[in-house]
Amino acid sequence: MELLIVGSGGAAGACLGGLLRCQPQGRRITVATASSLPIYERPILSKGYLTSDTPRLPVLLDRAALDDHGVVVHERAEVDSIDLAGRTCGLTSGVELRWDQIVIATGSDARVLPVEGHDLAGVLTLRGRRDADRLRDHLRRSTRVVIIGAGLIGLEVAAAAVSLGAEVDVVEAGPRALGRVAPPEIAHAVAALHRQRGVRIHESTSLSAILGDQVVKAVMTSSGVRLEADTVVIAVGSRPRDTIARRAGLPTDDGVLVTPALRSVAADDVFAIGDVARVVGHPFIHGPWRSESWRVAQQQGSVLAANLDGEQQTFDAIPWFWSDQYDMVLQGAGVPSAATRWITRVHSAATTICFGLNDGQLTAVSALGPLRDIGRPVSLASRAIARRLKLDIAGATDPTVALDGLLR
Ligand SMILES: Cc1cc2nc3c(=O)[nH]c(=O)nc-3n(C[C@H](O)[C@H](O)[C@H](O)COP(=O)(O)OP(=O)(O)OC[C@H]3O[C@@H](n4cnc5c(N)ncnc54)[C@H](O)[C@@H]3O)c2cc1C
């Protein structure tokens, strides 16, 4: 039995970790990945990795661990075709690999903006270790940094840049920061943390052009303002790397469509996990759903490993993410887009928790504060979302009422 895993990010790492715990006789595992080893976790790349003098990667699996288990790895090897009928897969180098089961774990790519000047030196995106090394180096030499996009990664990079002494402008096309991931109350609190440190956030403003002569000098915004810059970071979201699946004729729709067992909706021995997978039929989420979260990638990798070992697990976890914003942590769980109403609990001086409701039922939670204050409430709320709890609104907004009782 030949198992081929395409990709070596967080989802592939978690899947391999699960599989290698009890590798059965007769199964050979091959990994074909456009990256180099080791397999590491990405979240640190927009956080401490940028500011630390001695940055270290959190390694999930290194070459020795894979060699010990007889896993064959093709590094810097991009897969460009999958033949479903012939059960082969072609690398850009011309090498062909055979498979009986294939796992597509190709993640996502940073979106680029097709504006004038996007290819000037000093205009960067952030996805992998090499991008982070380049950005880290630029931030240390920069005095003026412009970030396009006030999402989680854009704001984490803003925090890193300002703490390294740069002047920072963030240009956000939407009416507010964190529009996709947090309710207004929390987004405003995060924006306030940045403004207190001198970061200028330009909302409802888009990028018109990036100016320079080989090297970036400034950006022009849609409101006609010129922002000087020696580094520009484009942080406007990501796109699933689903091209090989689409070309193979697998059903895709902004990601590879999979069942909750993470199997392609159209091919029995084809699986997809992590940022590239769009799950159809998640019990708590209406419609096909794709995540870009570290924990979801881990969970899907583990569920698939169990299923490849003969179990019948489904991925039904409540989505969860976190982000570090200076000394505060932002966490979210559930499905914010399902909430028709948000209520706010000022939990303590530094901590705000918002609950998203739909017809009284808890669908999402979003919290900002020190980790010690928000970790437990978010975890309790996440379990309550799974139980479809009808929330006691008066109690939830009253900080003197303990959440433990309300959310249990
Ligand atoms: C800078 C950064 C910070 C983040 N911070 C957070 C955070 O704070 N909290 C959070 O919850 N999430 C965070 N995330 C998101 C989280 O890291 C991702 O959701 C997770 O990495 C997804 O894992 P994955 O394995 O699906 O994809 P990836 O980790 O992107 O791995 C994809 C792999 O596929 C390979 N590949 C792609 N195409 C091919 C091909 N054709 N052939 C062969 N190999 C291919 C790539 O080289 C790579 O090895 C962050 C992401 C980034 C980039």
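1. Start with strand β25 (residues 328-334) in this predicted model. Seven of its seven residues are buried, so the strand is largely enclosed by the rest of the structure.

2. Strand β25 has partners to look at. β24 pairs with β25 in the antiparallel sense over six bridges, and F321 has G332 as its bridge partner in β25. β25 also runs antiparallel to strand β28 (residues 361-369), with six bridges joining them; there, Q331 stands opposite A367.

3. Now the ligand. Of the 37 residues around the ligand, G7, G9, A11, G107 and G274 come nearest. By type, the shell splits into 17 nonpolar, 13 polar and seven charged residues.

4. Why does the ligand lie between domain 1 and domain 2? Because domain 1 (2-109 + 239-308) and domain 2 (112-236) both give residues to the shell around the ligand.

5. Last, strand β18 (residues 231-234). In a regular strand, side chains alternate between the two faces of the sheet. Here both faces are covered: T231 and V233 on one side, V232 and I234 on the other, are all buried. Strand β11 (residues 123-124) pairs with β18 in the parallel sense over two bridges, with V123 opposite V232. Strand β12 (residues 144-148) also runs parallel to β18, joined by four bridges, and I147 has V233 as its bridge partner.

Methods:
Residues are numbered from 1 along each chain as its sequence is written. This is a predicted model: local features need pLDDT of at least 70, side-chain atom pairs count only at pLDDT 80 or more; totals for chains, interfaces and linings use all residues. A residue is near a molecule or strand if its C-beta atom, placed from the backbone, lies within 6 Å of it. Ala, Val, Leu, Ile, Met, Phe, Trp, Tyr, Cys and Pro count as nonpolar, Asp, Glu, Lys and Arg as charged, and the others, Gly among them, as polar. Domain bounds come from an automatic or database domain assignment. A residue is buried if 20 or more other C-beta atoms lie within 10 Å of its own, exposed if 12 or fewer, and partly exposed in between; C-beta atoms are placed from the backbone. Two strands pair if DSSP finds at least two bridges between them.
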